[in-house]
Amino acid sequence: MTKIIGLTGGIGSGKTTIANYLKSLGIPVYIADDEAKKVMQLPEIVTQIKLEFGENVFENDLINTSKLAKLVFNNPEQLKQLNKIVHPAVKKHFDNWVLKHKDFPFVIKEAAILFESGSFQYCDKIITVIAPIETRIKRVMERDQTSRENVLNRINSQWTDEQKTSKSDFVITNISFDDAKNQVCKIVNLLSN
């Protein structure tokens, strides 16, 4: 049976870089955020979001994700409502994806909020990517052309590295990509045996 390996890390930790490296090794990787964006365009999900959040988060009948994000990131109750709509649909989508990759010994599920969403409990093992806070802030400010304050707000809406690593089977410290790649290879060897 195919094992599900959760891959997570706080914003700016470099988990997507690690996920892409795992993909380059021929390991199937499910990027939950990307897939959730696709699932959010499904008619039944669009209808639920319209009912819950109104027309003001739509533009030309499409969800304006930045408007929706701004609305929910500063309101824990509304974030909970959005997650209630999106997470079950993404879980179903992921389960179908796993079936398509059942010939692999393991697959990777990359998710920023693996713990916060509760989906960690469906994983056989968990890898958490960490990096120093200032490195993370700098990476996100450069990547998203955003302010330090915005980055800190997003960091503070997620579990801390300490919370994540205490529940993880493996931890990758991602300061230098070459070093991180070596850590990934060791983990892949352990998971393959």
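In the predicted model described here, the side chains of Asp61 and Lys50 meet in a salt bridge, with N and O 3.5 Å apart, a salt bridge being a side-chain nitrogen of Lys or Arg within 4 Å of a carboxyl oxygen of Asp or Glu. Because Asp61 lies in the loop between strand 3 and strand 4 while Lys50 belongs to helix 3, the pair ties together parts that are 11 residues apart in sequence; helices (H or I, at least four residues) and strands (E, at least two) are DSSP runs, numbered from the N terminus. Residues are numbered from 1 along each chain as its sequence is written, and side-chain values use heavy atoms, with hydrogens and water left out. As this is a predicted model, local features need pLDDT of at least 70 and side-chain atom pairs count only at pLDDT 80 or more, whereas totals for chains, interfaces and linings use all residues.

Asp61 is exposed, with a relative accessible area of 57%, whereas Lys50, at 26%, is partly exposed; buried means under 20% relative accessible area, exposed over 50%, and partly exposed in between, with a 1.4 Å probe and protein chains only. The loop that holds Asp61 runs between strand 3 (58-59) and strand 4 (62-63), and the phi of Asp61 is near 65°, a positive value in a residue other than glycine. Gln145, likewise not a glycine, has a positive phi of about 50°. Gln145 is placed in the loop between helix 6 (133-144) and helix 7 (148-156) and is exposed, its relative accessible area being 69%.

Across the whole structure, 10 salt bridges are found. One of them joins Lys91 to Asp95, with the closest N and O atoms 2.8 Å apart, and these residues are 4 residues apart in helix 5, about one helical turn. Both Lys91, at 29% relative accessible area, and Asp95, at 33%, are partly exposed. In helix 6, Glu142 and Lys138 are also 4 residues apart, about one turn of the helix, and form a salt bridge whose closest N and O atoms are 3.8 Å apart. Here Glu142 is partly exposed at 49% relative accessibility, while Lys138 is exposed at 53%.

Leaving aside neighbours within four places in sequence, Lys15 is in contact with Leu7, Thr8, Gly9, Gly10, Glu110, Ala111, Ala112 and Val129, contact meaning heavy atoms within 4.5 Å.

Aromatic rings of Phe, Tyr and Trp (its six-membered ring) were paired if their centres lie within 6.5 Å, planes under 30 degrees apart counting as stacked, over 60 as edge-to-face and the rest as tilted. By this rule the count comes to 6 aromatic pairs. Among them, the rings of Phe94 and Trp97 have centres 5.8 Å apart and planes at 25°, so the pair is stacked. Phe94 and Trp97 both lie in helix 5 (residues 76-100), 3 residues apart, about one turn of the helix, and both are buried, Phe94 at 4% relative accessibility and Trp97 at 14%. The pair formed by Phe115 and Phe120, with ring centres 5.2 Å apart and planes at 45°, is tilted; Phe115 is buried at 2%, whereas Phe120 is partly exposed at 25%. Ring pairs also link Tyr30, Phe94 and Trp97 into a cluster.

Charged side chains also sit over rings, a charge being so placed if NZ of Lys or CZ of Arg is within 6 Å of the ring centre and within 35 degrees of the ring normal. The charged end of Lys91 sits over the ring of Tyr122, 4.3 Å from its centre, and that of Lys109 over the ring of Phe94, 4.6 Å from its centre.

In helix 2 (residues 32-39), Ala32, Glu35, Ala36 and Val39 are buried. These residues cover an arc of only 105° around the axis, which puts them on the same side of helix 2, the arc being that of the directions from the helix axis to the C-beta atoms. What covers them includes strand 2 (29-31), helix 3 (43-53), helix 5 and strand 5 (106-110).
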